[in-house]
Amino acid sequence: MIEVRNLSKHFSHEGRRIAALDDVSLHVAAGEIYGIIGRSGAGKSTLIRCLNLLERPDSGTVTLGEQELTALPEAALQQRRQRIGMVFQHFNLLRSRTVGGNVRFPLELAGTLSPAQMDARVDELLQLVGLADHKEKRPSQLSGGQKQRVGIARALANHPDLLLCDEATSALDPETTDSILALLSDINRQLNLTIVLITHDMRVIRQLCDHVSVMDHGKVVEKGSVLDVFLQPQHAVTRSLLAETGFGQGERVEAWRARIGVPLLKLTFVGEPTLSPVLDKVGRETGLRVNLLSGTLSEIRDTPCGQLLVGVVASDVELPALPEIFAREGVRCEVLA
Amino acid sequence: MSGFDPSLLLTVDWPEIGGATLDTLTMLGVSLLFTIVFGLPLGVLLYISAPGQLRARPRLYAVLSFLVNVLRSLPFVILLIVLIPLTLLLVGTSIGVAGAIVPLVVGAIPFFGRLVENVLREIDRGVIEASQSMGAKLPQIVFKVLLPEAMPGLIGAATVTAVALVGYTAMSGVIGGGGLGDLAIRYGYQRFQTEVMIVTVALLLVLVQALQTAGDALVRRCRFG
């Protein structure tokens with residue numbers, strides 16, 4: 001669906017050249033939700049703006065389907081953008097228009113529908129985002145979450161095949177964030193719409209995304225399926241972003257080992273085993289008794305999964321035999337002796 | 001001059017005051033109309049051509065900006081005289097109310113244009129970026145985003161310009177333009193007829209108050225939400 005190749009972009013700031021994007025490549029499959037995460041200043045904002053060329057990269061290509069966007073002349077690009085929706089952190093609604101008027105705006109820009117058809121489409125979109133009763137209100141009369149729903153309805157108006165979300169939930173409280181994420185997830189499923197989002201919040205990635213790229217200093221430092229990245233993070237930046245979620249805490253192993261002085265096991269659960277009493281079962285079979293140190297049991301998108309760090313208090317079998325025993329139960333076990 | 005005898009007000013030539021008021025209103029109305037017609041596009045052009053803006057043309061912007069500064073730095077009295085040939089060419093006379101309108105418009109366009117540019121700069125970049133992301137063309141951005149979003153500010157700018165124009169009309173007497181300001185200078189100042197001075201100044205005050213009140217009311221009506 002989207003093929004990004006070797007994007008680079010530099011900015012000059014007080015005479016210094018700063019690389020906002022440094023040879024970034026990524027592939028987004030049709031129908032998936034693709035997340036890009038990084039701390040502020042990592043270049044993710046520049047990257048998402050390069051996907052619809054609000055920002056022109058210095059070099060590299062962006063291809064959408066069969067069409068290389070970076071090669072399109074301005075007029076053709078404007079035409080194409082009508083079918084790339086974008087949702088913004090600060091909503092960016094027109095204050096001079098009502099809710100209905102804001103959703104109608106992209107339809108007017110496209111100019112393909114009659115006024116009556118536009119009205120019908122506006123009603124349909126407001127229905128979809130649950131704001132049918134607010135059509136005549138001004139944006140200033142809405143809550144943040146409602147404003148973002150208007151932003152989403154507006155972005156969907158011209159039947160886009162790609163939706164870009166630029167920190168769409170970063171200005172919202174946690175509860176509202178959940179409802180917006182649920183809406184995006186519904187839209188992705190109902191319309192089979194490809195979504196690319198940037199965020200600094202791992203929770204957004206965990207709840208919504210299929211694949212993720214982790215950015216740092218203009219580079220993609222790690223990418224993969226969300227499950228893999230959460231459960232087996234490779235890069236220090238990824239681990240630090242994951243710290244508050246309870247996943248991927250490789251760095252704390254040493255501290256635990258020093259404190260309790262027993263061998264440690266890292267157990268990774270994905271899918272069904274997460275929901276079964278695996279530790280109990282293996283314990284009965286092998287006399288394994290463990291001391292639960294840290295970890296998390298959760299869902300990544302809809303897959304239950306978890307990761308536990310345990311200290312081995314007693315075991316009737318040799319430690320190196322444990323991974324195979326756990327593997328029979330569908331649990332990945334690493335011995336950190 | 002010692003004290004002011006209120007009974008002198010009875011001696012004021014009221015028909016002449018009425019005529020002067022009408023002249024001022026005519027000059028104000030016509031020149032405000034033309035100022036907006038020419039100054040609004042100028043302001044939009046200044047805004048979009050400025051470096052880093054929608055259609056950045058740094059050289060064009062530098063030239064326009066320089067011309068605006070030149071016209072704004074000329075005292076209006078000088079402009080009245082310098083523009084006599086242009087006025088003759090455009091309206092066939094360089095005197096009277098008709099003769100005053102051309103210099104009034106020329107003087108006010110750069111003033112209003114600069115105000116418009118500043119008002120447009122206050123628009124949230126995010127809103128413009130959002131419309132670009134939806135594939136809006138430049139004219140669509142100007143007419144569907146910039147002007148509607150800036151409407152309260154634009155009305156405010158027009159009000160300030162109208163009040164400034166009232167001040168300019170006072171000087172049009174130099175070329176026989178007439179109006180209340182001219183009356184105040186000729187009778188009130190040069191002929192020491194304090195009563196005329198008081199009446200004209202009072203009328204100018206009422207006019208400026210009325211303009212400001214009307215402008216503020218319009219701004220309130222179109223402020224969003």
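## A two-chain model, starting from a covered helix

Helix 5 of chain B is mostly covered, with 21 of its 26 residues buried. Buried here means that 20 or more other C-beta atoms lie within 10 Å of a residue's own, exposed means 12 or fewer, and partly exposed is in between, with C-beta atoms placed from the backbone. Helices (H or I, at least four residues) and strands (E, at least two) are DSSP runs, numbered from the N terminus.

Before going on, some ground rules. This is a predicted model, in which local features need pLDDT of at least 70 and side-chain atom pairs count only at pLDDT 80 or more, while totals for chains, interfaces and linings use all residues. Residues are numbered from 1 along each chain as its sequence is written, and chains are lettered from A and ligands numbered from 1 in the order in which they are written.

Back to helix 5 of chain B: residues 96-121 reach 38 Å from the first C-alpha to the last, close to the expected 38 Å. That expectation is 1.5 Å times one less than the number of residues. The helix bends by about 30 degrees at B:Ala108, and a proline, B:Pro110, follows within four residues. The bend is the angle between axes fitted to the seven residues ending at a position and the seven starting there.

Chain B as a whole has 9 helices and 0 strands. Here is how the two chains line up.

| Chain | Elements | Box along principal axes | Buried share |
| Chain B | 9 helices, 0 strands | roughly 70 × 45 × 30 Å | 37% of 225 residues |

Two residues are in contact if their C-beta atoms, placed from the backbone, lie within 7 Å. Of the contacts in chain B with a separation of 6 or more, 70% come from residues 24 or more positions apart. For chain A, 65% of the contacts between residues at least 6 apart in sequence join residues at least 24 apart.

The UniProt record, an unreviewed entry, puts "domain: ABC transmembrane type-1" on residues 21-213 of chain B. That stretch is 82% helix and 0% strand, with its end C-alpha atoms 19 Å apart. For chain A, UniProt (again an unreviewed entry) lists "domain: ABC transporter" at residues 2-242. There the chain is 39% helix and 28% strand, and the end C-alpha atoms sit 27 Å apart. UniProt positions follow the numbering used here, feature names are shortened, and annotations may be inferred rather than shown by experiment.

Also in chain B, B:Ala62 is in helix 2 (residues 58-73). It counts as partly exposed, with 13 C-beta neighbours inside 10 Å.

Now to where the chains meet. The contact takes 20 residues from chain A and 18 residues from chain B. On the chain A side, helix 2 (74-81), strand 6 (84-88) and helix 3 (99-110) each supply at least two residues. By class, that side of chain A has 7 nonpolar, 9 polar and 4 charged residues. Ala, Val, Leu, Ile, Met, Phe, Trp, Tyr, Cys and Pro count as nonpolar, Asp, Glu, Lys and Arg as charged, and the others, Gly among them, as polar.

Helix 6 of chain A (residues 174-191) has 18 residues and reaches 25 Å from its first C-alpha to its last, close to the 26 Å expected. A:Thr177, A:Ile180, A:Leu181, A:Leu184 and A:Ile187 are buried. Seen down the axis, the buried residues of helix 6 fall within an arc of 120 degrees, so they line one face of the helix. The arc is that of the directions from the helix axis to the C-beta atoms. In general, an α-helix has 3.6 residues a turn, so residues three or four places apart point the same way. The buried residues of helix 6 pack against helix 5 (144-156), strand 7 (162-166), strand 8 (194-199) and helix 7 (202-208) of chain A. On the other side of helix 6, A:Glu175, A:Ala182, A:Asp186, A:Arg189 and A:Gln190 are exposed. A:Asn192 follows the helix, and its phi is positive, near 50 degrees.

A:Leu53, not a glycine, has a phi of about 60 degrees, and A:Leu53 lies in the loop between helix 1 (44-51) and strand 4 (59-64). A:Leu53 is partly exposed, with 19 other C-beta atoms within 10 Å. A:Asn92 has a phi near 55 degrees and is found in the loop between strand 6 and helix 3. A:Asn92 is buried, with 23 other C-beta atoms within 10 Å.
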